[in-house]
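I opened the model today and kept notes as I went. Here is what I looked up, entry by entry.

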Amino acid sequence: MSQISTEIGKQIRTFRKKRKMTLEALAAVICKSKSTVSKYENGEIPVDIETLYEIASALQIHVEQLLYCPPRHANLPDLLLRDPRERS
């Protein structure tokens, strides 16, 4: 399982619980099985983009709130502060 799927799954679970929604309820709204939603939340299977939008709608949030962006290796503020002639 990928780190991205795991992190998105954590977000799904967090927002679902904030809404006091059960796995069964979310599964019914998005027309998926409880088992499939559980696998999404555990990062065992990736969520396709259409389903991600359906989940966001069911949870009454923006889809961006479910996304995960892995940290970059370079420190962006340091790059911005450097003299542009020093960049390679």
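**Entry 1: ground rules and layout.** I took helices (H or I, at least four residues) and strands (E, at least two) as DSSP runs, numbered from the N terminus. From the N terminus on, I read the elements as α-α-α-α-α. That is five helices and zero strands. I noted that this is a predicted model, where local features need pLDDT of at least 70 and side-chain atom pairs count only at pLDDT 80 or more, while totals for chains, interfaces and linings use all residues. Residues are numbered from 1 along each chain as its sequence is written, and side-chain values use heavy atoms, with hydrogens and water left out.

**Entry 2: whole chain.** I call a residue buried under 20% relative accessible area, exposed over 50%, and partly exposed in between (1.4 Å probe, protein chains only). Of the 88 residues of the chain, 30% count as buried. Next I looked at contacts (heavy atoms within 4.5 Å). Among those with a separation of 6 or more, 56% join residues 24 or more positions apart.

**Entry 3: the core.** A nonpolar core here is a set of buried Ala, Val, Leu, Ile, Met, Phe, Trp, Tyr and Cys residues joined through side-chain atoms within 4.5 Å. Which residues touch the most other members of the largest one? I found Ile12, Leu26, Ile55, Leu59 and Leu66, out of 19 residues. Helices α1 (3-18), α2, α3 and α4 (49-58) each supply at least two residues of this core. I then followed Ile55. Leaving out residues up to four places away in sequence, Ile55 touches Ile12, Ile30, Tyr40, Val47 and Leu66.

**Entry 4: α2 against α3.** I fitted axes as lines to C-alpha atoms, for helices over the stretch in contact, with angles from 0 to 180 degrees between N-to-C directions. The axes of α2 (residues 23-30) and α3 (residues 34-41) come within 8 Å and cross at roughly 105°. That makes α2 roughly perpendicular to α3 (65 to 115 degrees; under 35 is roughly parallel, over 145 roughly antiparallel, the rest oblique). Leu23, Glu24, Leu26, Ala27 and Ile30 in α2 meet Lys34, Val37, Ser38 and Glu41 in α3. I sorted the residues of this contact into five nonpolar, one polar and three charged. For that sorting, Ala, Val, Leu, Ile, Met, Phe, Trp, Tyr, Cys and Pro are nonpolar, Asp, Glu, Lys and Arg are charged, and the others, Gly among them, are polar.

Entry 5: The buried residues of α3 are Val37, Tyr40 and Glu41. They cover an arc of only 95° around the axis, so they sit on the same side of α3. The arc is that of the directions from the helix axis to the C-beta atoms. These buried residues pack against α1, α2 and α4. After α3 comes Gly43, with a positive phi near 70°.

In α4, I listed Thr51, Leu52, Ile55, Ala56 and Ala58 as buried. Their arc is only 160°, which puts them on the same side of α4. Their cover includes α1, α2 and α3. The face turned away from that buried side carries the exposed residues Ile49, Glu50 and Ser57.

**Entry 6: Gln11.** Gln11 lies in α1 and is partly exposed, at 27% relative accessible area. Its C-alpha atom is 7.9 Å from that of Leu67, 56 residues apart along the chain.
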